[in-house]
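Here is a short report for a first look at a protein model. Keep the sequence and the 3D view open as you read.

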Amino acid sequence: MIQLSEKRQKVVIIGGGITGITAAYYLQKEIKDKKLPIDYRLIEASHRLGGKIQTMKRDGFTIERGPDSFLARKQSAARLVKEVGLGEELTNNSTGQSYVLAREKLHPIPQGAVMGIPTEISPFLTTGLFSPMGKVRAAADFILPKTKEKGDQSLGHFFRRRLGNEVVENLIEPLLSGIYAGDIDRLSLMSTFPQFYHAEQEHRSLIFGMKKITDLRQKPSSHGGKAKGQFLTLKTGLQSLVDAVEEHLEPTAVQKGVRVDSMHESDGKFHLSLSNGEKITADSVIVTTPHYAAQSLLPQCSLLQPLKDMPATSVATVAMAFPKEAVKQDINGTGFVVARNGDYTITACTWTHKKWPHTTPEGKVLLRCYVGKAGDEAVVDLSDEEIVRIVLEDLNRIMDVEGLPEFSIVSRWKRAMPQYTVGHKNTIETIYDQLEHTMPGLFLAGSSYEGLGLPDCIDQGEAAVQKVLNLLQTQQIS
């Protein structure tokens with residue numbers, strides 16, 4: 001039995017990914033700053049913190065096995081980085097041309113495209129990505145009325161109505177699939193990109209609406225000079241953020257290599273049984289595990305049953321190191337995504353040595369390819385050798401890469417990409433609302449709920465802490 005002061009309130013955080021460690025960090029900060037009578041414990045089933053954030057250093061290369069960056073405009077991640085003393089390690093991606101592989105050819109993504117939505121007319125008219133009829137159909141967005149649908153709808157349905165099938169298949173789908181590894185004809189508009197819906201509703205034309213938004217975003221930084229990349233990472237690797245946060249946590253509050261086997265609520269308290277035989281009683285619990293793991297913790301709780309049916313896609317990344325001379329066809333750019341109407345296994349490829357120059361020694365090349373998406377996940381279960389062979393075959397249809405890599409690293413992520421299908425937002429809001437009324441003190445946070453990116457998870461971790469503190473304060477008063 002873990003001994004905690006009986007007069008102090010207790011909080012347990014389940015899951016030590018970025019959401020969990022963020023919650024632990026900000027909860028500990030509040031406890032210390034305000035001298036709150038609260039004890040907390042972070043429980044992680046594996047022997048390391050960070051979840052999908054894993055950085056490998058090898059032969060002078062810095063290789064991310066999971067996420068490699070985060071959006072700079074979402075400021076919570078950079079703020080956390082600076083708080084734990086790593087601000088000087090922040091670096092933007094190098095800007096450069098990105099491509100779409102469609103009809104056996106790499107097509108530059110038209111300048112001004114925002115997630116595939118054109119905001120500049122000239123690049124869209126001159127691109128070879130679409131036929132003349134496809135361009136005419138997309139231009140219908142200027143005259144189509146705004147949608148009258150008030151509920152949720154799929155991304156595919158929304159974009160096909162506004163811009164037509166060709167723009168969706170050859171540009172929007174590969175870009176969005178690169179983020180969610182999902183089927184855009186099932187993914188929820190309101191849970192992924194509600195700003196597109198609001199832009200259409202406000203301006204009628206989606207193209208015109210996104211151009212207005214883009215112009216507003218660019219206005220403050222239009223002082224000349226080279227534009228910075230939209231993404232940030234750490235020169236020391238994203239795992240250094242995890243390590244720095246962990247160093248700030250009280251060692252006695254972090255329990256790794258221990259799983260929560262079961263949990264039940266009674267009399268306003270949460271009773272947890274751990275895999276090492278220990279029992280913990282808590283006033284509040286923040287669950288940051290994937291949705292299917294959260295549901296299995298409380299199988300008797302009918303409120304969480306919808307999580308059981310929520311899909312999640314398995315993906316893999318393949319990092320390959322080559323000498324510079326092995327790449328015979330040097331393409332000017334930072335990488336490409338793949339249109340799904342081709343017969344390729346890879347879904348995208350980043351020329352990491354160009355996008356993130358700090359990751360690669362001089363005279364070397366680092367390619368990072370992605371495989372696995374909704375409806376095409378079997379490749380993830382193949383052997384490392386087979387996956388590398390398939391990826392090299394695909395690459396050599398596009399760019400001339402000589403020989404085998406000096407080394408390759410295959411990283412598999414099973415059920416790692418939660419799918420926000422149509423109705424997801426309402427489902428999650430309903431669960432949150434019902435938990436608040438029937439099981440106050442239990443909070444869900446993480447990539448399964450309100451955003452996949454690192455800043456989204458950090459935001460959810462912070463928000464969960466504030467909910468916990470508000471609840472505990474209310475309990476103290478009563």
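The report covers a helix, a pocket and the cysteines.

## Ground rules

This is a predicted model: local features need pLDDT of at least 70, side-chain atom pairs count only at pLDDT 80 or more, and totals for chains, interfaces and linings use all residues. Residues are numbered from 1 along each chain as its sequence is written, and side-chain values use heavy atoms, with hydrogens and water left out.

## Helix H8

Helix H8 spans residues 194–203. Helices are DSSP runs of H or I, at least four residues, and strands are runs of E, at least two, numbered from the N terminus.

An α-helix has 3.6 residues a turn, so residues three or four places apart point the same way. Just after H8, Arg-204 has a positive phi of about 70°.

## Lining of a pocket

A pocket is an open set of points on a 1 Å grid over the protein atoms alone, with protein on both sides within 12 Å along at least five of seven lines; lining residues have an atom within 4 Å of a point. In the second largest pocket, 17 residues form the lining. Lys-324, His-353, Lys-354, Lys-364 and Val-365 lie nearest its centre.

Helix H13 (352–355) and strand E18 (364–371) each supply at least two lining residues. E18 gives the most, with 3.

## Cysteines

The structure holds 0 disulfides (pairs of cysteine sulfur atoms within 2.5 Å). The sulfur of Cys-349 is 3.4 Å from its closest cysteine sulfur, in Cys-369, too far for a bond. Cys-349 is buried at 1% relative accessibility. Cys-301 is buried too, at 7%.

Technical notes
Buried means under 20% relative accessible area, exposed over 50%, partly exposed in between (1.4 Å probe, protein chains only). On a 1 Å grid over the protein atoms alone, a cavity is a set of points where a 1.4 Å probe fits but cannot get out, and a pocket is an open set with protein on both sides within 12 Å along at least five of seven lines; lining residues have an atom within 4 Å of a point.
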